[in-house]
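Biologist: Hi! Could you walk me through this structure? I'm new to it.

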Amino acid sequence: MISRSFSTALERLAQYNAYLEKLGGRLSHELRTPVTVVRSSLENLKMAALPEEARWATLLSACSTDGDLACVLRALEARGGSPADLEAAEAAGVLEMGGDRVLITHPLLRAVVVELAGGRERRAAHRLLGEALGDEEGGERWAWHRAQGAIGPDEPAATALAAFAARAADRGAAAAAAAGFDRAAGFLADHDVDLRVFVLLGAPYVAPEESVEWTVRTAEYAARRGATAIALIPVRGGNGELERLESLGHFAPPSLAQLEAALDGCLGLAPVAVAADLWDLDRLPACAECRPRRIERLRRLNVTGGPEPRVVCPACGALSAA
Ligand SMILES: [Zn+2]
């Protein structure tokens, strides 16, 4: 299975790396070395032809979002594995154990491992992890793994997750996140390090008609905290989770018109450099007639900082209607 999809994975890794390089020089510099490490780990994965149980140990570790070693081990043992399988995977360089944690050696490698497994094995891994959390039945991690392991909606899991989201909002999770951002921004300013910020457009649980406003307000917040460069990034589906949230009505893919409105709304933040992330923009819903011209306009605005009138289109009959 691994060798079959291996070249695809390397190809995707290269594309992803190219994408990250476009995001910013500093970021790509930091990532260039790790990607080489991931590449060699993937080679090891292929060369060593990991035994089935070591491969499962890797997949379970990758699917365990928090790297809880005890939970991964229980899940592994439930299908007849043992700590030796984790050690075999560690020896192959794909994961590391320390204290009560087990971590895949790099986030990109983790994404590749999860993707290579395919839907059936991935769901099985999540079900095993959910069952391994039996003592937390009804808890947040339990509900999440159970939802990931289900085919179609899992009502108990969905209900539990919605309750957690509501409780988190009540507890002022947003205020806590803002405080965390302030601390990080203050730390960077104290150490004379530039602050670059990525702001999402179309985050799940934000009503589509409010998403542009929230994106602009978030960018304004970052600018007030000293950000020198801000990239607006439309949230993209494709990982399964957003598709699940979309089916539940918690996520709507952002449109090209929303990205334009968000960027236009941020141009007043100059001299802070605000740019729209243009990667894979052809996937955003938009009128086919004027899409190329509108993307070109965004490309210019990214360089010039605008302002510039919207594209007028006879086909969709409006100024960049969605
Ligand atoms: Zn049009």
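Modeller: Here is a short tour of some helix pairs and a sheet. It is a predicted model, where local features need pLDDT of at least 70, side-chain atom pairs count only at pLDDT 80 or more, and totals for chains, interfaces and linings use all residues. Residues are numbered from 1 along each chain as its sequence is written.

Biologist: Thanks! How do α6 and α7 cross?

Modeller: The axes of helix α6 (residues 107-132) and helix α7 (residues 140-149) cross at roughly 155° and come within 7 Å. That makes α6 roughly antiparallel to α7. Helices (H or I, at least four residues) and strands (E, at least two) are DSSP runs, numbered from the N terminus. Axes are lines fitted to C-alpha atoms, for helices over the stretch in contact, and angles run from 0 to 180 degrees between N-to-C directions. Angles under 35 degrees count as roughly parallel, over 145 as roughly antiparallel, 65 to 115 as roughly perpendicular and the rest as oblique.

Biologist: Which residues make the contact?

Modeller: From α6 there are Arg-123, His-126, Arg-127, Leu-129 and Gly-130, and from α7 there are Trp-142, His-145, Arg-146, Gln-148 and Gly-149. Two residues are in contact if their C-beta atoms, placed from the backbone, lie within 7 Å.

Biologist: And what about α3 and α4, at what angle do they pack?

Modeller: Helix α3 (residues 52-63) packs on helix α4 (residues 69-78) at about 140°, with the axes 10 Å apart. That makes α3 oblique to α4.

Biologist: Which residues of α3 and α4 meet there?

Modeller: Trp-56, Ala-57, Leu-60 and Ser-61 of α3 meet Val-72, Ala-75 and Leu-76 of α4. By class, this contact of α3 with α4 has six nonpolar residues, one polar and no charged. Ala, Val, Leu, Ile, Met, Phe, Trp, Tyr, Cys and Pro count as nonpolar, Asp, Glu, Lys and Arg as charged, and the others, Gly among them, as polar.

Biologist: Switching to the sheet, what is the order of its strands?

Modeller: This open sheet has three strands in the order β3-β4-β5, with parallel pairing. Its edge strands, β3 (195-201) and β5 (273-276), each pair on one side only. From one strand to the next, the twist averages 20°. Two strands pair if DSSP finds at least two bridges between them.

Biologist: How many bridges join β4 and β5?

Modeller: Strand β4 (residues 227-234) pairs with β5 over four bridges, in the parallel sense. Ala-229 stands opposite Ala-273 in β5.

Biologist: Nice. Which helix lies across the sheet strands?

Modeller: Helix α12 (residues 256-266) lies across β3, β4 and β5, and runs at about 165° to β4.
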